[in-house]
Amino acid sequence: MPFSVNVPVPPALRRLADDLAPELAAYEHVRDEFTLVLKRLGDPDSFNATEQRVREALAGAPAFEARVSELGAFRTPPVGPAPVLYLAVESPGIEQLHGRLCERFDPVPGMEGEAYVPHVTLARGIDAGPLNRDPTSKLVGRSVGPVTWDVTELRVRDGIYGETTARIPLPA
């Protein structure tokens, strides 16, 4: 699904990931770019019409706070290699806006709607070599940060090209 609405993440999350780097060595895929997907939009026939629907769904939404303070994991993710280690994001504002967008755009089964967990993926997949052990169990629930930030805009992202195609300000 190439287009999504994302929450910008602060540089402090990169520092958390850098601090965890030695413990991520067993994972097959370690992220170097961090995103927080609020809602996947699919591949719209008309990007302009889709952007307008997103803006209408988010009309009047205020800025809100988000916080990362621990690690979490998806043991059996709906797609891709397992496990997925992530920074757990706490934010009633994110959950509320996700719900509003799911009213306008069909939720992706197993990933959105009731199944949605706000997070920033750090790494996924474990190298199954004989010397590597899965560090996920000892990392899940570990306290990190905390990092708190104000979300004052959302971004529509083209997943194919990795570019922001629209910015949606959220008034304070």
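Tutor: Residues are numbered from 1 along each chain as its sequence is written, and side-chain values use heavy atoms, with hydrogens and water left out. The model is predicted: local features need pLDDT of at least 70, side-chain atom pairs count only at pLDDT 80 or more, and totals for chains, interfaces and linings use all residues.

Student: How many helices and strands does the protein chain have, and what makes a run count as one?

Tutor: The protein chain has 4 helices and 9 strands. Both are DSSP runs, numbered from the N terminus: helices are H or I with at least four residues, strands are E with at least two. Along the sequence the pattern is β-α-β-β-α-β-β-α-β-α-β-β-β.

Student: Why is the protein chain called as compact as a globular protein of its length?

Tutor: Its radius of gyration is 16 Å, and the globule rule gives 16 Å for 172 residues, so the chain is as compact as a globular protein of that length. The radius is taken over C-alpha atoms, and the rule is 2.2 Å times the number of residues to the power 0.38. Along the principal axes, the C-alpha atoms fill a box of roughly 50 × 35 × 30 Å.

Student: What makes β2, β6, β5, β4 and β7 a sheet, and in what order do they lie?

Tutor: Two strands pair if DSSP finds at least two bridges between them. These 5 strands form an open sheet in the order β2-β6-β5-β4-β7, with antiparallel pairing. β2 (27–30) and β7 (143–151) are the edge strands, since each pairs on one side only. Neighbouring strands are turned by 25° against each other on average, direction ignored.

Student: How do you know that β5 pairs with β4 and with β6?

Tutor: β4 and β5 share 7 bridges, antiparallel. β5 (residues 84–90) and β6 (residues 119–126) share 5, also antiparallel. Both pairs therefore meet the criterion. Ala-73 stands opposite Leu-85 in β5. Tyr-86 stands opposite Thr-121 in β6, and the bridge partner of Ala-88 in β6 is His-119.

Student: Which strands of this sheet does helix α3 touch?

Tutor: Helix α3 (residues 92–104) packs on the sheet, touching β4 and β5. Contact means heavy atoms within 4.5 Å. The direction of α3 makes about 85° with that of β4. Axes are lines fitted to C-alpha atoms, for helices over the stretch in contact, and angles run from 0 to 180 degrees between N-to-C directions.

Student: Why is His-98 called buried?

Tutor: Buried means under 20% relative accessible area, exposed over 50%, partly exposed in between (1.4 Å probe, protein chains only). His-98 is at 3%, so it counts as buried. His-98 lies in helix α3. Leaving aside neighbours within four places in sequence, its contacts are Leu-38, Lys-39, Glu-112, Gly-113 and Tyr-116.

Student: What makes Thr-76 buried or exposed?

Tutor: Thr-76 has 72% relative accessibility, so it counts as exposed. Thr-76 is in the loop between β4 and β5.

Student: What makes β5 mostly covered?

Tutor: 6 of the 7 residues of β5 are buried. For the protein chain, 47% of the 172 residues count as buried.

Student: What makes a set of residues a nonpolar core, and which members touch the most others in the largest one?

Tutor: A nonpolar core is a set of buried Ala, Val, Leu, Ile, Met, Phe, Trp, Tyr and Cys residues joined through side-chain atoms within 4.5 Å. The largest has 45 residues, and Leu-38, Leu-87, Ile-94, Leu-122, Trp-149 and Leu-154 touch the most other members. α1 gives the most to this core, with 5 residues.
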